Amino acid sequence: MSDVLDLPFTDAREQVSDYVDASLRAIEQLNPSLNAFLHVSDGASLAGVPVAIKDNITTTDMPTTCGSRILKGFRSPYDATAVERLRSWGASIVGKTNLDEFAMGSSTEHSAFGAAKNPWDVKRVPGGSSGGSAAAVAARMVPVALGSETGGSVRQPAALCGVVGMKPTYGRVSRWGLVAFASSLDQIGIVTKTVREAAEVLGVIAGHDPHDSTSSTHRVDDYMRNLEGGVRGMRFGVVIEGVEKLEGEVRANFDHALAVLRDLGASIEDVSIPTLPYAIAVYYIVANAEASANLSRFDGVRYGVRSERAKTLEDVYVDSRGEGFGDEVKRRIMLGTFALSSGYYDAYYARAQRVRAKMRHDFSQAFAKFDFLVTPTTPESAFEIGAKTNDPLSMYLNDIFTAPANLVGCPAIAVPSGFDAAGLPLSLQIMAADFAEGPMLRAAFAFERETNYWRRRPPL
Amino acid sequence: MKITRDEARRIAALARIEMDEPALDRMAAEMTTILTYIDQLSEVDVEGFAERAAGEATPMRDDTPHAPLDRDLVERNAPAWQDGFFVVPKVIGGE
């Protein structure tokens with residue numbers, strides 16, 4: 001493949017005139033084996049930086065399916081705010097990426113349009129739910145992709161594909177045009193090969209948007225300034241609940257990452273987040289409760305696919321949803337409906353929200369003492385396709401280190417930290433206090449500059 | 001928390017999702033496994049932590065009119081559409 005796609009866009013865009021063409025050619029060549037893209041643009045502007053967009057973020061010039069049969073062929077009347085801002089910046093949207101249906105999953109196997117594959121080993125998952133975005137960047141099909149995060153759906157696939165994945169602070173990026181899954185957790189995230197690229201793209205898409213009343217009016221920092229400032233004297237807290245049970249290569253890799261940070265002059269100390277082990281339990285109540293409400297809009301009336309056998313209005317709802325949703329989406333809507341139902345609300349939804357409030361308290365205490373909190377991004381490297389599809393709970397536990405940042409709202413970034421013996425990528429997660437994306441990117445950049453794992457490319 | 005087939009049927013009806021008997025059985029078993037895991041939340045002491053954190057006020061804005069979506073673009077996505085309206089099976093005075 002073209003060398004230009006091996007470079008960060010911050011270098012490549014200065015050097016070439018056929019950047020978008022190179023990207024479209026790479027997609028054409030690699031997508032049959034990776035299934036990272038659901039739609040490829042035939043009319044992309046040939047100028048600018050080629051960018052891929054997760055297919056639950058709306059674009060007017062291509063379909064937006066959310067990886068679901070129920071939205072097959074849906075064409076949004078408007079662009080998401082993040083997409084609009086990327087276009088004004090000079091991005092050319094080359095395609096829409098594969099995902100777990102409605103962003104519900106950690107492997108991209110729950111896509112109605114077939115699983116995406118991991119570029120490092122096509123028998124393995126790319127992670128999820130933004131697996132198509134992570135695979136597309138890892139395979140050098142595009143330099144930048146947007147994903148979305150509800151419990152780690154950008155960071156976890158970025159980790160499994162060996163690329164950078166960032167979740168900004170809740171509200172930092174407008175959710176207008178991001179098809180809602182869990183509105184108190186959802187946030188658009190960024191996948192790139194390098195930290196510098198992520199910093200530039202964040203500067204483009206961040207900021208208040210009148211269309212999203214939860215988007216923050218907090219000032220947007222210049223994320224490129226001081227990126228090279230290093231981590232000397234900065235305080236990193238190692239979340240003991242995240243690492244005490246780790247074993248083998250993931251443990252060794254994490255210890256190595258800490259040693260790198262220490263050598264760069266950072267101070268490293270243990271910190272306790274007692275509620276961390278409950279993150280998945282809290283997440284699957286809160287996220288699914290919100291999803292059960294948000295996905296009620298898919299009823300076969302205003303958009304999407306209507307069941308052909310529906311005779312009454314009630315049939316239109318029940319049959320369209322029964323036929324249109326996949327098993328994982330049904331499972332989550334069912335769990336959420338249960339948690340909100342009369343008689344169970346207090347024991348499930350209200351309790352999960354109270355544990356979440358306690359977790360927020362734990363994090364704010366930790367951020368009073370530390371600049372950053374660190375864990376591995378995932379408890380293991382990429383698993384084989386099919387390994388967890390019959391065991392939803394074990395799939396869910398892949399998000400144990402990523403879900404807390406969504407629950408408390410803080411920014412977090414996954415940065416490549418090396419490879420295991422099988423040659424699969426491993427990843428370091430750095431979390432920071434709300435709106436501290438600037439320092440977080442600076443820390444990630446320092447680690448990346450020292451280790452340079454992003455330069456290794458998958459054997460395609 | 002054990003979910004029975006009848007409980008799964010009740011929830012599926014609330015969620016407006018068509019599900020046959022084998023699907024209900026499978027769903028009941030999976031929900032039981034997941035909710036049993038979630039039941040560990042009962043061991044957390046949440047005294048002093050509210051369901052909704054103080055200060056999380058809903059942002060307000062002025063109620064000013066905006067241009068509506070282009071009708072043609074809405075129609076393009078509608079499963080059934082006639083004379084500017086979404087069409088659904090008759091609700092009142094049906095057969």
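This passage describes a sheet in chain A, the helices that pack against the sheet, and the contact between chains A and B. The model is predicted, so that local features need pLDDT of at least 70 and side-chain atom pairs count only at pLDDT 80 or more, while totals for chains, interfaces and linings use all residues. Residues are numbered from 1 along each chain as its sequence is written, and chains are lettered from A in the order in which they are written.

In chain A, eleven strands form an open sheet with mixed pairing, in the order S1-S3-S2-S4-S6-S5-S10-S11-S9-S7-S8; strands (DSSP E runs of at least two residues) and helices (H or I runs of at least four) are numbered from the N terminus, and two strands pair if DSSP finds at least two bridges between them. The edge strands, S1 (37–40) and S8 (267–271) of chain A, each pair on one side only. Strands S5 (164–167) and S6 (187–192) of chain A run antiparallel and are joined by three bridges, with Val164(A) opposite Thr192(A).

Helix H6(A) lies across S4, S5, S6 and S10 of chain A. The axes (lines fitted to C-alpha atoms, for helices over the stretch in contact, with angles from 0 to 180 degrees between N-to-C directions) of H6(A) and H15(A) come within 9 Å and cross at roughly 160 degrees; the two helices are therefore roughly antiparallel, a term for angles over 145 degrees.

Between the chains, the contact (C-beta atoms, placed from the backbone, within 7 Å) takes 39 residues from chain B and 47 from chain A. Helix H2(B) gives the most to the chain B side, with seven residues.

How values were computed:
Contact = placed C-beta atoms within 7 Å. Parallel < 35°, antiparallel > 145°, perpendicular 65-115°, else oblique.
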